[in-house]
Amino acid sequence: DKPLIDYIQAEITKGGDLYLRLDGAWFRATSDYVASVDAQLAAEVPDLTKDLALPQWDTRTHPVELDYNTWVAGTNGWLLQDQNEVQYSGYQSVEPCDILTPEGQWIHLKDASGSQSVSALVGQLRGAAYLLQNDSKFRAEMAKRYEDKFGVDELMTKTAAFIMAFARAPHLTIFGDMLVAKVNTLDCGRRVRAFGFGFGVCKVA
């Protein structure tokens, strides 16, 4: 078995460069590399924070993610999917998203306190996008849920947009110095767009 320290991820800035600990080893990311990743993010991944206008997550009134998602979905008349899994053709189940809007935006939300939590969000989102593209049972169930909620059978006529929603402290940017999260988000967006879907990010205060 690996020692516990090999499972720890870390990102530390020193001397203008970023040092990453991944899979038990340290890596150095130069300032030029970080700038290149930031430029690619700005060019490829739209920031939909203002468009979605997700309200502040106050953990005093909504202590856990499900509480917040239930409140946001109810307030906006959106379809809550948090912890509402869908069985697909492999007879396994998956959570399709946290919230689905009438416009076909599949919102996946996570408390983004570090790159590891973002990695989990990436996996969930990529899985849902793959199933929407490739699994007829998944598509049929989601179309039914959409029609039951919004009264129209239009989900499959819309271009789906998968949104990564990051809960971050008000003074922080979406990614901050989380380089691994930035790289994973870039890769996720490219894969999702390859399926023909939209992709974006937003911040929850």
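In this predicted model, valine 86 lies in strand β5, which spans residues 86-87. Valine 86 is buried, with a relative accessible area of 1%. Leaving aside residues up to four places away in sequence, valine 86 touches Gln92, Ser93, Val94, Pro96, Phe138, Glu141, Met142 and Arg145. Lysine 110 is 24 residues from valine 86 along the chain, and the C-alpha atoms of the two are separated by 19 Å.

The loop between β4 (79-80) and β5 contains glutamine 83. Glutamine 83 is not a glycine, yet its phi is positive, near 65°. Its relative accessible area is 59%, so glutamine 83 counts as exposed. The loop between α2 (49-52) and α3 (65-76) holds alanine 53. Alanine 53 is exposed, at a relative accessible area of 53%.

Five strands form an open sheet with mixed pairing, in the order β4-β7-β8-β9-β10. Strands β4 and β10 (198-204) are the edges, each pairing on one side only. In general, the strands of a sheet pair through backbone hydrogen bonds, in either a parallel or an antiparallel sense. Strand β7 (residues 99-100) runs antiparallel to β8, and two bridges join them. Leucine 100 has tryptophan 106 of β8 as its bridge partner. The hairpin of β7 and β8 has four residues between the strands. Glycine 104 in this hairpin takes a positive phi near 85°.

Strand β8 covers residues 105-111. Five of its seven residues are buried, so β8 is largely enclosed by the rest of the structure. Seven bridges link β8 to β9 in the parallel sense. Across this pairing, isoleucine 107 stands opposite isoleucine 163 in β9. Strand β9 (residues 161-167) pairs in turn with β10, in the parallel sense and over seven bridges. Here phenylalanine 166 stands opposite lysine 203 in β10. Helix α6 packs on the sheet and touches β9 and β10. The direction of α6 makes about 140° with that of β10.

Helix α6 (residues 179-194) also meets helix α1 (residues 31-44). The two axes come within 10 Å and cross at roughly 35°. The crossing of α1 and α6 is left-handed. On the α1 side, the contact is made by Tyr33, Val34, Val37, Asp38, Gln40, Leu41 and Glu44. Helix α6 contributes Leu179, Lys182, Val183, Thr185, Leu186, Arg190 and Arg193. The residues of this contact divide into seven nonpolar, two polar and five charged.

Glutamine 124 is part of helix α4 (residues 115-134). Its relative accessible area is 19%, and glutamine 124 is classed as buried because the limit for that class is under 20%. Glutamine 124 touches Glu95, Asp98 and His108, not counting residues up to four places away in sequence.

The cysteines were examined next. A disulfide is a covalent bond between the sulfur atoms of two cysteines. A search of the whole structure finds zero disulfides. The cysteine sulfur closest to that of cysteine 97 belongs to cysteine 202 and is 13 Å away. Cysteine 97 counts as buried, at 0% relative accessibility. Cysteine 202 is buried too, with a relative accessible area of 1%.

Terms used:
Residues numbered from 1 in each chain as written. Predicted model: local features only at pLDDT ≥ 70, side-chain atom pairs only at ≥ 80, totals over all residues. Heavy atoms only, no water. Buried < 20%, exposed > 50% of the residue type's maximum accessible area, 1.4 Å probe, protein only. Contact = heavy atoms within 4.5 Å. Disulfide = S-S within 2.5 Å. Axes fitted to C-alpha atoms, helices over the stretch in contact; angles between N-to-C directions. Left-handed = near helix turned anticlockwise from the far one by under 90°. Nonpolar A, V, L, I, M, F, W, Y, C, P; charged D, E, K, R; others polar. Pairing = 2+ DSSP bridges.
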